[in-house]
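Colleague: I have not seen this structure before. Could you take me through it?

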Amino acid sequence: QLQLVESGGDLVQPGGSLRLSCAASGFRLDYYAIGWFRQAPGKEREGVSCISSSGGSTNYADSVKGRFTISRDNAKNTVYLRMNSLKPEDTAIYYCAAALELTDQPICHMDRPFAYWGQGTQVAVSS
């Protein structure tokens, strides 16, 4: 069974940090670009960050640039999202998704079809 599982969500105070993990089972992430998305209550899902299959290119939404860092460890079949300087507006359910990428691309686009999605992990930023 092909599956992505997110973890690491929590309740943190503004200015705090979290590291989300996206672990794959049933398939290898080596040939997949991975995107992180989030959806806040009453809002549409938005792309947060993306990393190419080799890890050579990354992309971030303007709202998280300089605060979030995406990385991958293909040996552990896991992708991470490090989130620093968290703000209340970062509160959302965070999802990871995988898109097949057999050749590394110079830009990791978040507006492409992603074939596999995780179930999400809740991040709440509040004092």
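Modeller: Read along the sequence, the pattern is β-β-β-β-β-β-β-β-β-β-β. This is a predicted model, in which local features need pLDDT of at least 70, side-chain atom pairs count only at pLDDT 80 or more, and totals for chains, interfaces and linings use all residues. Residues are numbered from 1 along each chain as its sequence is written, and side-chain values use heavy atoms, without hydrogens and water.

Colleague: How many helices and strands does the protein have?

Modeller: Both are DSSP runs numbered from the N terminus: helices are H or I with at least four residues, strands are E with at least two. The protein has 0 helices and 11 strands.

Colleague: Why does the radius of gyration agree with a compact globule?

Modeller: The radius is taken over C-alpha atoms, and the globule rule is 2.2 Å times the number of residues to the power 0.38. For 127 residues the rule gives a value near 14 Å, so the protein agrees with it, at 14 Å.

Colleague: What share of the residues count as buried?

Modeller: Buried means under 20% relative accessible area, with a 1.4 Å probe and protein chains only. Of the 127 residues, the buried share is 45%.

Colleague: What share of the contacts with a separation of 6 or more joins residues 24 or more positions apart?

Modeller: A contact means heavy atoms within 4.5 Å. Residues 24 or more positions apart account for 63%.

Colleague: What are the spans of the C-alpha trace along its principal axes?

Modeller: The axes are those of the C-alpha trace of the protein. Along them the spans are about 45 × 30 × 25 Å.

Definitions and conventions
Buried means under 20% relative accessible area, exposed over 50%, partly exposed in between (1.4 Å probe, protein chains only).
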